[in-house]
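Please load the model in a viewer and keep the selection panel at hand.

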Amino acid sequence: MTSPTNMYTHAQRKEEHLRYLGELRVTEQRWASYLPWLKSLGYDLRPRYQPGWKASWLTSGIGAFESEDALLPNVYGKVMDAKRLSDGRVVALKLLPTHRKELPILTYLSSAPRRADPRNHSVPLLDIHPLPDTDEEVLAVMPLLVYFDRPPFETIGEILLCIYTYLEGLVFLHEHNIAHLDICAANALQDPGTELFPKGFHPARPTYYVLKPGTLKIRGNPPHTSRTLSPVNYHFIDFGESIKFESLESRKLIYGTVGHDLDVPEFAGGAADRGYDPFRLDIRAFGDMIKVEMYEEYHGSEILKPLIEAMCRDIPEERPEAVEALEILKGIISSQTPETLAAFARQRKVYSASYRVKQYHRHRWELQLMGRPPIYPSIPGLEVQPPRPLSFFFRTLTRLRLLIS
């Protein structure tokens with residue numbers, strides 16, 4: 001039985017939290033102060049940052065935890081979502097320090113010659129603006145992205161295509177003598193476009209969506225399709241730790257620990273102070289990422305073991321270069337049957353997946369009607385057989401299944 005003291009404490013905490021949600025943080029106040037300037041550039045912010053904003057839940061009859069304007073942005077305050085007035089697209093605004101290497105590297109990667117290369121999977125820099133009140137940062141405009149595994153992958157083919165895309169992007173970076181140095185799940189995001197989440201998602205909290213356009217009420221778990229039906233674009237972000245060499249010949253060892261993945265041989269026992277190859281570190285970090293996020297997460301991903309073992313070797317010189325790792329992955333993909341690639345990717349730690357299985361079957365019926373292969377878009381140079389065309393009888397039966405499911 002809950003004691004009166006505990007009940008009071010709980011009520012007090014709730015009241016304090018509501019008061020916290022009902023006021024703009026210092027970082028939010030900064031964004032709100034930029035609103036007139038942002039509008040002059042063609043961007044608008046959500047209702048929470050409009051002049052005279054008051055918490056909607058005080059008068060709307062909708063609870064605070066169901067209200068759109070109670071969702072807070074990134075805790076560090078360096079990223080804010082905004083609507084581009086010219087076309088209604090929601091984008092991400094990021095404050096980039098001018099004294100770090102991220103800005104020149106992003107500018108280089110977003111230049112026309114680099115952006116024309118389809119292997120370039122770094123986040124595009126859509127625009128850049130000097131700030132009105134400081135020279136220490138600039139405003140960078142980028143696509144609004146979400147974590148690469150939201151929603152969970154539906155098929156083995158989707159997992160393999162995701163890994164292929166990121167690894168192809170790593171090959172591109174290394175060809176341009178850029179070591180990312182902070183490869184991890186937090187810096188490997190996706191642009192879901194407008195189709196993966198048909199009803200959209202909230203830009204500050206993608207696990208929610210606005211129930212109806214123009215309303216303040218939100219709901220959890222946005223409806224979604226699959227990546228094979230609605231392809232996404234995968235991107236590396238956050239080049240704040242990255243380093244760019246002028247040429248292959250000018251590459252050299254670097255010193256000190258960097259990135260999220262600190263449990264690597266390069267950093268053990270003071271080895272970081274003796275210097276290490278930043279490109280080999282990228283390989284290890286990438287291998288660690290797919291080991292944790294795919295290999296250990298999904299049944300059927302055991303086929304990735306040869307790639308992971310090669311990339312995660314403790315002796316850096318024994319790890320493959322990015323282009324060699326990509327060839328290993330190509331070999332893995334080309335050796336799989338269409339049935340394996342189209343198989344349901346069951347999560348190891350999720351014990352009740354009946355809803356996901358039902359969705360998977362529905363999506364597979366749609367793909368059969370479309371005649372779409374289990375890896376889509378296709379990987380250049382890797383032919384994956386599409387499903388055999390359905391007969392008139394089975395085409396009619398599949399349509400009926402979709403109607404009643």
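Select Glu 137, which is buried, with a relative accessible area of 11%; buried means under 20% relative accessible area, exposed over 50% and partly exposed in between, with a 1.4 Å probe and protein chains only. The model is predicted, so that local features need pLDDT of at least 70 and side-chain atom pairs count only at pLDDT 80 or more, whereas totals for chains, interfaces and linings use all residues. Residues are numbered from 1 along each chain as its sequence is written, and side-chain values use heavy atoms, with hydrogens and water left out.

A salt bridge here is a side-chain nitrogen of Lys or Arg within 4 Å of a carboxyl oxygen of Asp or Glu. Arg 30 belongs to helix α2 (residues 26–33) and Glu 137 to strand β5 (residues 137–143), so the pair ties together parts that are 107 residues apart in sequence. Helices (H or I, at least four residues) and strands (E, at least two) are DSSP runs, numbered from the N terminus. Arg 30 is partly exposed, at 25% relative accessible area.

**Further salt bridges**

By the rule above, the count comes to 19 salt bridges. Select Arg 84 and Asp 87, whose side chains meet in one of them (2.7 Å, N to O). Arg 84 counts as buried at 18% relative accessibility, while Asp 87 counts as partly exposed at 47%.

Next, select Glu 302 and Arg 348, whose side chains also meet in a salt bridge (2.8 Å, N to O). This pair links distant parts of the chain, 46 residues apart: Glu 302 is in the loop between α7 and α8 (305–311), and Arg 348 is in the loop between α10 (338–341) and α11. Glu 302 is partly exposed, with a relative accessible area of 39%, and Arg 348 is partly exposed at 26%.

**The α6 and α7 pair**

Display α6 together with helix α7 (residues 278–295); their axes come within 12 Å and cross at roughly 170 degrees. The axes are lines fitted to C-alpha atoms, for helices over the stretch in contact, and angles run from 0 to 180 degrees between N-to-C directions. The two helices are therefore roughly antiparallel to each other, a label given to angles over 145 degrees, with under 35 roughly parallel, 65 to 115 roughly perpendicular and the rest oblique. Residues making the contact include Ile 159, Tyr 166 and His 174 of α6, and Phe 279, Asp 282 and Met 294 of α7; contact means heavy atoms within 4.5 Å.

**Backbone stops**

Most residues other than glycine have a negative phi, and most peptide bonds are trans. Select Leu 181, in the loop between β7 (178–179) and β8 (188–191): Leu 181 has a positive phi of about 70 degrees although it is not a glycine. Leu 181 is buried, with a relative accessible area of 6%.

Then select Arg 150 and Pro 151, which are joined by a cis peptide bond with omega of about -5 degrees. Pro 151 lies in the loop between β6 (146–147) and α6 (156–175).

**Last stop: Ser 67**

Select Ser 67, in the loop between β1 (43–44) and β2 (79–84). Ser 67 is buried, at 1% relative accessible area.
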